[in-house]
Amino acid sequence: MAQSGVVFGSYTPRVNPKELFDRLTIPKTLELEPRPTFIKVGAVSNVKGSAYMEYGNTKVMAQVEPPKEISKINNRSGTLGIILCSVKYAPFAAMDTDVVARKETFMSVALKKALEPVICRHEFANFQLEIKVLIIDDDGCALSTAINCCGAALIEGGIPTYDLLTSSTVCVLNGQEFVNPTAEVEELLRSLPGCDNSNEEHGVLVTASLSSVGQISECFQKGYLLPSTLERMCDHSLAINLRMLDTIKHVLVNKVKQHIAAQEEADENNEDDK
């Protein structure tokens with residue numbers, strides 16, 4: 001007898017969100033600090049700029065392609081360059097296909113909104129700058145990690161920017177504020193009803209800022225939050241961004257020092273050969 005080829009999935013009972021919340025690890029104190037972070041700039045050699053970042057268990061790769069000239073007819077931005085952003089999940093990321101497609105679309109749009117105010121687009125008029133992000137592992141804060149990674153890749157690639165861009169994520173769930181929420185917390189937030197069905201505050205906030213000049217390039221909020229709560233979460237996110245700025249600056253300065261040392265060594269070798 002021929003098989004139909006239909007694969008039947010196992011039944012998963014719906015779990016009460018309150019039970020899921022009880023399983024979470026609740027932080028005893030609110031520490032406005034980034035996760036343990038690893039950043040490597042220049043991770044890809046055949047592009048304009050690149051960076052690899054590990055933010056806890058979240059792993060992201062960003063690369064900036066060389067600017068491509070476009071015709072004035074196709075340039076709808078006038079004298080400003082065009083920014084194209086694409087975010088993709090790695091094929092081995094264990095997530096539902098429909099969920100991945102929706103997250104990729106949303107994150108691509110959000111990333112473009114965060115980067116456009118930072119890049120000096122007037123410096124490459126009639127040019128198109130394409131920025132690609134690969135999410136290798138998502139344990140929460142994927143969007144803010146992608147923004148941080150792209151900010152480092154832009155500086156490494158010599159793309160003119162107004163400032164170094166940093167970003168972070170905070171959320172509120174059942175009256176508890178989570179800094180740098182994990183994928184488990186974010187998934188629980190998505191499973192909660194909308195604000196029309198609940199008067200209890202729950203939501204997530206992603207803030208991208210230019211700390212040196214004191215400006216915000218993007219502030220994305222989803223969920224039901226009171227204005228006072230939103231203001232407090234924004235202040236907390238900006239505090240984390242300021243600490244993340246020191247980490248990224250340290251990595252970029254070390255990269256420059258390594259480049260200068262390598263150049264001096266090459267010059268000394270050339271003089272010895274003469």
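**A walk from salt bridges to sheet and core**

D137 has a relative accessibility of 35% and counts as partly exposed. Here buried means under 20% relative accessible area, exposed means over 50%, and partly exposed covers what lies in between, all with a 1.4 Å probe and protein chains only. The model is predicted: local features need pLDDT of at least 70, side-chain atom pairs count only at pLDDT 80 or more, and totals for chains, interfaces and linings use all residues. Residues are numbered from 1 along each chain as its sequence is written, and side-chain values use heavy atoms, with hydrogens and water left out.

Stay with D137. Which side chain does D137 meet in a salt bridge? The partner is K59, at 3.9 Å from N to O. D137 sits in strand β6 and K59 in strand β3 (residues 58–64), so the pair links parts of the chain 78 residues apart. K59 is also partly exposed, at 22% relative accessibility. A salt bridge requires a side-chain nitrogen of Lys or Arg within 4 Å of a carboxyl oxygen of Asp or Glu. The count by this rule is seven.

Take E33 and R243 next. Their closest N and O atoms are 3.1 Å apart, and they form a salt bridge. E33 lies in the loop between α1 (17–23) and β1 (37–41), and R243 in helix α5 (residues 227–273), so the pair ties together parts that are 210 residues apart in sequence. E33 is partly exposed, with a relative accessible area of 40%. R243 is partly exposed too, at 34%.

K88 and E104 form another salt bridge, again at 3.9 Å from N to O. K88 belongs to strand β5 (residues 82–89) and E104 to helix α2, and 16 residues separate them. K88 is partly exposed, at 47% relative accessible area. E104, at 13%, counts as buried.

Now the overall layout. The protein has five helices and 10 strands. These elements are DSSP runs numbered from the N terminus: helices are H or I with at least four residues, strands are E with at least two. Buried residues make up 42% of the 274 residues. The accessible surface is about 15,600 Å², and carbon and sulfur atoms hold 52% of that surface. The areas come from the Shrake-Rupley method with a 1.4 Å probe; for residues, only the protein chains shown count as cover. Among contacts with a separation of 6 or more, 71% join residues 24 or more positions apart. Contact means heavy atoms within 4.5 Å.

Look at the open sheet. Which order do its four strands follow? They run β8-β7-β9-β10, with antiparallel pairing. Strands β8 and β10 (215–224) are the edges, each pairing on one side only. On average, neighbouring strands are turned by 15° against each other, direction ignored. Two strands pair if DSSP finds at least two bridges between them. Strand β7 (residues 165–173) and strand β9 (residues 202–210) share nine bridges in the antiparallel sense. S167 stands opposite A208 in β9.

Two helices lie across β7, β9 and β10. One of them, α2, runs at about 150° to β10. Helix α3 lies across these strands as well, at about 170° to β7. Axes are lines fitted to C-alpha atoms, for helices over the stretch in contact, and angles run from 0 to 180 degrees between N-to-C directions.

Then the core. In soluble globular proteins, nonpolar side chains tend to be buried together. A nonpolar core is a set of buried Ala, Val, Leu, Ile, Met, Phe, Trp, Tyr and Cys residues joined through side-chain atoms within 4.5 Å. The largest one holds 55 residues, and L115, I119, I131 and V133 touch the most other members. Helix α3 (residues 142–156) gives the most to this core, with nine residues. Beyond its neighbours within four places in sequence, L115 is in contact with C85, I131, C150, L154 and L165. A separate second core has seven residues, including C171, F178, V185 and L188.

Finally, the backbone. Most residues other than glycine have a negative phi. N126 has a positive phi of about 65° although it is not a glycine. N126 is placed in the loop between α2 (97–115) and β6 (127–137). N180, not a glycine either, has a positive phi of about 55°. N180 is in the loop between β8 (176–179) and α4 (183–191). Is N180 buried or exposed? N180 is buried, at 8% relative accessible area.
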